[in-house]
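Take a look at the sequence and the structure below. Then read on for a short tour.

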Amino acid sequence: GNFKPAPTVPAAAGSTRQPPAAELPLGHEERVRQTVRFLFQLHEVILSNPGTSVDSVPTVFERHHGEIFQIQTFLVVNKTGLLGTLKRIPHVIAVLDKDGVPTCYPSLPAKTTLDDLTRIDAEFRANIKNKRKQVSEADSAPAVKKMAPGGNGEVVLQRAERASPNGAPRPAQGPAPVSQRVSLLAPPPGVRPQGLPTPAAPLAPLDTTSAPS
């Protein structure tokens, strides 16, 4: 559990030796590996100390592993603080309310290994990425027409509000012209529905009595 990086040895002047990995910028795979390693350490802490309050996690972690609790190095900590960060890793820790105090419990079985967590975390990340992709695709979908109730029992054709390709919101189109409205209420007898063109006068019937034989 006491994972500590190996000490680095400075290169001699004029040496062409590559600096050790700890001094090189971390690639994506290495960052993920170190993050999963931290999550596993966190799992070990909560597994050994179930019911630890969120506020006590840093102290319990440092006592258990002998390391400084630096969760911000591996996970995003924003204005929601440590509580918000721990709630975003439910595949590792379950944060429950105990008498009004946010308390941590392990989400994984005791026999979980680092390899197990590596696979579980990869699946968890892939699921989140897929959900974000679906939301992004839905937001950028072309605008579609929908039926919105209008006044006097009418249904007005409007365009759904969607984001434009450059990300700026596209304002919803206003009510369609009266001629494009569809009335749900039957007009009174002898009254022409508003907005529809008046039909031409019907042709007079043919007079067959005076037709030449």
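The report below goes from the whole chain to single residues.

## The chain as a whole

This is a predicted model. The protein chain has four helices and six strands. Along the sequence, they follow the pattern α-β-α-α-β-β-α-β-β-β.

Buried residues make up 20% of the 213 residues in the chain. The accessible surface comes to about 15300 Å². Carbon and sulfur atoms account for 58% of that surface. Contacts can also be sorted by distance along the sequence. Among those with a separation of 6 or more, 45% join residues 24 or more positions apart.

## Helix H1

Helix H1 covers residues 28–48. How far apart should its ends be? At 1.5 Å a residue, its 21 residues should span 30 Å. The end C-alpha atoms are 30 Å apart, which agrees.

Thr35, Val36, Arg37, Phe38, Leu39, Phe40, Gln41, Leu42, His43, Val45 and Ile46 of H1 are buried. What covers the buried residues of H1? The cover includes three helices: H2 (57–65), H3 (81–87) and H4 (114–139). It also includes strands E1 (52–53), E2 (93–98) and E3 (101–106).

## The nonpolar core

In soluble globular proteins, nonpolar side chains tend to be buried together. Here, the largest nonpolar core has 21 residues. Leu42, Leu86 and Ile93 have the most contacts inside this core. H1 and H2 each supply at least two of the core's residues. H1 gives the most, with seven residues.

Now zoom in on Leu42. Which residues does Leu42 contact, leaving aside its neighbours within four places in sequence? The partners are Val57, Phe61, Phe69, Leu86, Ile89 and Ile93. Two of these, Leu86 and Ile93, are also named with Leu42 for the most contacts inside the core.

## Aromatic rings

The structure holds four aromatic pairs. One of them joins Phe38 and Phe74. Their ring centres are 4.8 Å apart and their planes meet at 15 degrees, so the pair is stacked. This pair links distant parts of the chain. Phe38 is in helix H1, while Phe74 is in the loop between H2 and H3, 36 residues apart. Phe38 is buried, with a relative accessible area of 2%. Phe74 counts as partly exposed, at 26%.

Phe61 and Phe69 form an edge-to-face pair. Their centres are 5.1 Å apart, with 65 degrees between the planes. Both Phe61 and Phe69 are buried. Ring pairs link Phe38, Phe61, Phe69 and Phe74 into a cluster.

## Salt bridges

How many salt bridges does a search of the whole structure find? It finds three. Start with helix H1. The side chains of Glu30 and Arg33 meet there in a salt bridge, at 2.9 Å from N to O. Both residues lie in H1, three residues apart, about one turn of the helix. An α-helix has 3.6 residues a turn, so residues three or four places apart point the same way. Glu30 is partly exposed, with a relative accessible area of 27%. Arg33 is partly exposed too, at 45%.

Arg119 and Glu123 meet in a salt bridge at 3.8 Å, N to O. They are four residues apart in H4, about one helical turn. Arg119 is partly exposed, at 45% relative accessible area. Glu123 is partly exposed, at 48%. Asp121 and Arg125 meet in a salt bridge at 2.5 Å, N to O. These two are also four residues apart in H4, about one helical turn. Is Asp121 buried or exposed? Asp121 counts as buried, at 3% relative accessibility.

## A residue with a positive phi

Finally, look at Asp99. Where is Asp99? Asp99 sits in the loop between E2 and E3. Asp99 has a positive phi of about 55 degrees, although it is not a glycine. Is Asp99 buried or exposed? At 75% relative accessibility, Asp99 counts as exposed, because the cut-off is over 50%.

Definitions and conventions
Residues are numbered from 1 along each chain as its sequence is written. This is a predicted model: local features need pLDDT of at least 70, side-chain atom pairs count only at pLDDT 80 or more; totals for chains, interfaces and linings use all residues. Side-chain values use heavy atoms; hydrogens and water are left out. The expected span of a helix is 1.5 Å times one less than its number of residues. Buried means under 20% relative accessible area, exposed over 50%, partly exposed in between (1.4 Å probe, protein chains only). Contact means heavy atoms within 4.5 Å. A nonpolar core is a set of buried Ala, Val, Leu, Ile, Met, Phe, Trp, Tyr and Cys residues joined through side-chain atoms within 4.5 Å. Accessible areas come from the Shrake-Rupley method with a 1.4 Å probe; for residues, only the protein chains shown count as cover. A salt bridge is a side-chain nitrogen of Lys or Arg within 4 Å of a carboxyl oxygen of Asp or Glu. Rings of Phe, Tyr and Trp (its six-membered ring) pair if their centres lie within 6.5 Å; planes under 30 degrees apart count as stacked, over 60 as edge-to-face and the rest as tilted.
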